[in-house]
Amino acid sequence: MASLRCNLLLLALLSLAAAVSAHNITAILEATPEYSQYNSFLTQTRLADEINTRTTVTVLVLTNGVMSSLAAKHPLSVIKNALSLHILLDYYDPAKLHKISDGSVLTTTLYQTTGHAPGNLGFVNITDLSGGKVGFGSAAPGSKLDSSYTKSVKQIPYNISVLEISAPVLAPGILNAPAADTNITALLEKAGCKTFAGLLVSSGVIKTFETAAAKGLTLFAPNDEAFKAKGVPDLSKLTNADVVSLLQFHAVPKYTPKGALKTAKDPISTLATNGAGKFDFTVTTSGDQVTLHTGVDSSRVADTVLDATPLSVFTVDSVLLPADLFGKSPSPAPSMEPVSAPSPTPVLAPSPASVEAPSPLAASPPAPPSGTPEGAPSDAPSSEAADSTSGNGAGHVSSPALLMTLLTVVSVTAISTVLLS
């Protein structure tokens, strides 16, 4: 009986562990060497982080030979845009490709979410052709289906599907996009961060940022209203060294787009980080919202000003105050209580027989705590018939929402059985 209890408990714990994990596109592609270049560029552009944060995604991969031709003579920022067009924000496996309603569909890609895609250039046209072939092409009017489905690489229904295609899908002009404006001061002023930009120039920190940007830099710029908020220290009362540290605290010395921020688990070091202080912050996410926590205050990442490898610039709602400078709030002074002079002891006259005073009424017992109704159970996730199945393998570290719910129920039931038996 004891052995049975142990087995049930182990099964429950394993089920819970499987339910809370996530897929990993890097691990999936590492199992196939012919996609090593594609995999490498996903890592360099940090698109892998964005893929791993998506609960439903299809990745169109290219072999090394095709990827080499695409990457030749193009900067990393252009390659990132091109690869973003190969990340579909829907689930397509081989079976679903041949069941497209009306034979053709326009599907949204990650490129469409960047803000760099005018019109419908961030959509891909998928068409079920005659003879069992499936074509892929840009959704721009007049575009041809220059690519076709080659084979399936990996499916984890309905989280991630990886499909190989014969040629890259290219939107008009995506490889000829002009180089992004990386004038940090101009970018900040245009984004409504003139106060922050002025401080960078007057302190000389702008030169540090410009030097670091060549190797990788992520900047979190408070907007002008943030400096007027209650609790922001008077910068004129800080030493020059503290002002420099405060400004450098708003920069991370590597390229960290929003997708990478979403996957950050450990504290993130900044340009102010040194041997004398941590000057780091942590990140939490809720859906697509990213919040930075300094230990003193928190701030939402508001807008993306620039995402062009190797430079990312975001606006934030609050000035980021490092705990190393502002973490210790002054303790309030103890209140002085007035000292009263001792009063003389009165002389009591003898009294007649004492009359016992009536006992006070007993205090009413406190009201019992009001019960809080239990919340209504959440709606069960909708299910759809699986188009394809796939066994466990590299990168399969996730479970679909329905399976996650079932495993949780099974786990709770098993643990209850063990504890009550």
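Reader: What do the numbering and the model's confidence values imply for the descriptions?
Author: This is a predicted model, in which local features need pLDDT of at least 70, side-chain atom pairs count only at pLDDT 80 or more, and totals for chains, interfaces and linings use all residues. Residues are numbered from 1 along each chain as its sequence is written, and side-chain values use heavy atoms, with hydrogens and water left out.

Reader: How do you know how many helices and strands there are in the chain?
Author: Helices (H or I, at least four residues) and strands (E, at least two) are DSSP runs, numbered from the N terminus. The chain has 14 helices and 14 strands.

Reader: Why is Thr-256 called buried?
Author: Buried means under 20% relative accessible area, exposed over 50%, and partly exposed in between, with a 1.4 Å probe and protein chains only. Thr-256 has a relative accessibility of 5%, so Thr-256 counts as buried. Thr-256 lies in the loop between β9 and α12 (258-262). Beyond the neighbours within four places in sequence, Thr-256 is in contact (heavy atoms within 4.5 Å) with Thr-218, Leu-261, Ser-312 and Phe-314. In the chain, buried residues make up 37% of the 421 residues.

Reader: What makes α5 oblique to α6?
Author: The axes of α5 (residues 64-71) and α6 (residues 76-84) come within 10 Å and cross at roughly 130°. Axes are lines fitted to C-alpha atoms, for helices over the stretch in contact, and angles run from 0 to 180 degrees between N-to-C directions. Angles under 35 degrees count as roughly parallel, over 145 as roughly antiparallel, 65 to 115 as roughly perpendicular, and the rest as oblique. Therefore α5 is oblique to α6. Met-67, Leu-70 and Ala-71 of α5 meet Ile-79, Ala-82 and Leu-83 of α6 in this contact.

Reader: Which strands are the edge strands of the open sheet of 7 strands, and what makes them so?
Author: Two strands pair if DSSP finds at least two bridges between them. The order is β2-β1-β7-β6-β5-β4-β3, with mixed pairing. The edge strands are β2 (87-88) and β3 (104-108), each pairing on one side only.

Reader: How do you know that β6 and β7 pair?
Author: Strands β6 (residues 147-156) and β7 (residues 160-165) are joined by 6 bridges and run antiparallel, and the definition asks for at least two. Tyr-149 stands opposite Ile-165 in β7.
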